[in-house]
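Let's take a walk through this model together, with the sequence at one hand and the coordinates at the other.

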Amino acid sequence: MELSGGEILIRSLKDEGVEFLFGYPGGAVLHIYDAIYRQDDVKHILVRHEQAATHAADGYARATGKPGVVLVTSGPGATNAVTGIATAYMDSIPMVVITGQVPTAVIGSDAFQEVDAVGITRPCVKHNFLVKDVNKIAETMKKAFYVATTGRPGPVVVDIPKDITDPAIKVPYNYPDKITMRSYQPTVKGHSGQIKRAVEMLLNAKKPMIYSGGGVVLGNASEELRSFVRNLGYPITTTLMGLGSYPASDELFMGMLGMHGTYESNMAMHACDVLIAIGARFDDRVTGKIAEFCPDAQIIHIDIDPSSISKTIMVDIPIVGDVATVLQEMNHIITTGNKQTKKKDIDAWWKVINGWRAKKCMSYDKNSDKIKPQAAVEIVHEITKGDAYVTSDVGQHQMWAAQYYGFEKPNRWINSGGLGTMGFGLPAAMGVQLAFPDETVVCITGEGSIQMCIQELSTCLQYGLPIKIIALNNRYLGMVRQWQEFFYKERYSHSYMESLPDFVKLAEAYGHVGIRIEDPADLRSGLEKAFALKDRLVFVDIVTDQMENVYPMIAHGKAHNEMHLSPHCDLPQDPERELS
Amino acid sequence: MRHIISILIENEAGALSRVVGLFSARAYNIESLTVAPTEDESLSRITIVAIGTDQIIEQITKQLNKLIDVVKLLDLSDGPHIEREMVLIKVKAATMAQRGDIKRLSDIFRGHIIDVTTSNYTIELTGSGRKVDSFIEALAEHKILETVRSGVSGIARGDKILHV
Ligand SMILES: Cc1ncc(C[n+]2csc(CCOP(=O)(O)OP(=O)(O)O)c2C)c(N)n1
Ligand SMILES: [Mg+2]
């Protein structure tokens, strides 16, 4: 079969099993768009901004576990995509981004819409390619998907000059079944000796703690993690990215850890004697002050990426490998070897933990005459039975969504944890809704963040995506305001959102439904009304308490036992642990 | 500690910039870097001299290994190895006294004077980075007009080889 470069590109997507291509056309990709026009295997989704194409592909990937695919033109198309590529890179999301490039003959001449896409994206991709020969397109695409989806996943950019896709030049098409690369052979199986030592260490622990992260979700290891935790009966906390890897309603679950983690999780981190980190990377939002991180603990770390191990925190037993495979092996040793934990010590440990839990750190004022954002998230949880796909933006609303939604399953919580990209939520929700047309998809956002990709309301109309946008509208860049309240003596420099649009009218202008909720008494009924409109996008503008803060909070550079707690916790605060 | 890291990398466009970009993005200290083709034309050899604590060097080698184009990597400083660097130095040699002293120093360090004008000598010298440093120090009394160092090349001693 002889095909042109443009046709090869699209055909290779089909052969790779790609359902959706998120893109935006332009000069350098016109040949490719022509090839798209003449087929209907791969469905092209026309976004309204290239940033949204990358976030939508990213959301699709996070929800399905399959790689997201993007097509943008050269120059501004590529630069607009960079934010989304970096977002995916920071959270290790598999993605293949095809960027058009000016014709080979003029590369380097500052041609119209030329940028060095390979150079610009290099620091925020797992790998990138510039294809200079039409005969290499199929093989390069295969490599791109292979690299993006294996090992520690990540985005891969394929830059394709226009002349390479020329419809007049046809070459034989062969999509390779398999590819091997001598320079890239990700490790899968963990070292058995290390695994045995780790299990011994765990079984001898008196105050153990399990800390799991996004790697468990990405590595499809939630089932293995559940067995592991239940086999041991040890407390488990997860990172922001790991939410859903273990069911939030389970009694062994302690809530999230880190900057906005629960009191009990952070206190237990500080006091534990053995810590096992599973598919987590000791991010600074998790560790707080490095010098005081888990001061008494021996640390075991399972990760597929050797460079994540002992990067910031030195560990005692490193295990490089696929998390699911390593956990299976651990579970096997624990269940078959008649192995016992130190039952008495563990019971005593749970007593201590339950004392911390009694503080009820997630309490908030339930009698306020203002709408509390936490209540809004809790009601969304109830209405959706905790089974929705929830995307989010960045700010206070993101933390409240993480803290109060209660994720039971993996791949349901979709947020930009690593890069913290405002504008992520709505386009990511589009990717999720396309993948799962019959599921409930909620975007919990702020009035600041939603305006960073608001144009996608138009895309949602075009493809009939019935996303529920829940805007926790505090008329502030709330997270910025919170830091200014705490650390800048309430000097609210440019964190107030003036001249906000009427979001109800805005939603209507885009052809959707808008609902505003201002009174706490209307909160439940308003949200019920929104979710009852099954096949419509509903923008719910919830006017929330402007001054509400996210608690608990560990200030930057403080240790886990130095939390700032909500004034609504059950026990009075220990004044020595007050934030200065 | 100073480490000599030897890398076999795919001879692809942009491969070098991935290595260099890594050092700048992660703020690692690099003392010298050399790149050249190998006997296998699909591979290039990069030799990097990097300075850092053991933890930093470990991160550097892990991050380099993570680059998709890197085929193999060896920290030569982990075992017995040979290190060589070449330097070309142009030094002022106008008087008989200067000429005599520079010639003597060059002989002591087993350098060669490879170009001569009425006012200067150009010396070629090969040795470990430290030897090159010592030679430059030894020339302190003279006016060095230009120094061109090649950066370090290294190879393991004995049977150990870095190959694919
Ligand atoms: C693209 C981008 N720019 C700036 C920031 C810094 N930032 C973090 S949270 C935040 C405020 C977000 O405001 P809003 O969306 O209203 O959420 P809220 O905190 O009020 O819930 C800002 C500006 C960011 N994360 N991303
Ligand atoms: Mg806000």
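The paragraphs below turn to chain B, then to aromatic rings, and finally to an arginine.

This is a predicted model, in which local features need pLDDT of at least 70 and side-chain atom pairs count only at pLDDT 80 or more, while totals for chains, interfaces and linings use all residues. Residues are numbered from 1 along each chain as its sequence is written, chains are lettered from A and ligands numbered from 1 in the order in which they are written, and side-chain values use heavy atoms, leaving out hydrogens and water.

Let's begin with chain B, which has 4 helices and 8 strands (DSSP runs numbered from the N terminus: H or I of at least four residues for helices, E of at least two for strands). Starting at the N terminus, their order is β-α-β-β-α-β-β-α-β-β-α-β. The C-alpha trace of chain B spans about 55 × 35 × 30 Å along its principal axes. Of the 164 residues in chain B, 42% are buried (under 20% relative accessible area with a 1.4 Å probe and protein chains only; exposed is over 50%, and partly exposed lies in between).

Now to the rings. Rings of Phe, Tyr and Trp (its six-membered ring) pair if their centres lie within 6.5 Å, and planes under 30 degrees apart count as stacked, over 60 as edge-to-face and the rest as tilted. The count by this rule is 21 aromatic pairs over all chains. One of them is stacked: Tyr389(A) and Phe436(A), at 4.9 Å centre to centre with 15° between the planes. These partners are 47 residues apart, with Tyr389(A) in strand β15 and Phe436(A) in the loop between α16 and β17 of chain A. Tyr389(A) counts as buried because its relative accessibility is 5%, whereas Phe436(A), at 24%, is partly exposed. In chain B, Phe23(B) and Tyr28(B) make an edge-to-face pair, 5.8 Å between centres and 80° between planes, and both residues are buried.

Our last stop is Arg475(A), found in the loop between β18 and α18 of chain A. What is the nearest side chain of opposite charge to this buried residue? That is Glu447(A), 6.7 Å away, and Arg475(A) has no salt bridge (a side-chain nitrogen of Lys or Arg within 4 Å of a carboxyl oxygen of Asp or Glu; Lys and Arg count as positive, Asp and Glu as negative, with His and the chain ends not counted). The side chain of Arg475(A) does reach the backbone oxygen of Thr544(A) at 3.0 Å, and a polar atom of that side chain lies 2.5 Å from the backbone oxygen of Asn473(A).

Definitions and conventions. A polar contact is a pair of N or O atoms within 3.5 Å; within protein, one must be able to donate a hydrogen and the other to accept it, and residues adjacent in sequence count only if both atoms are side-chain atoms.
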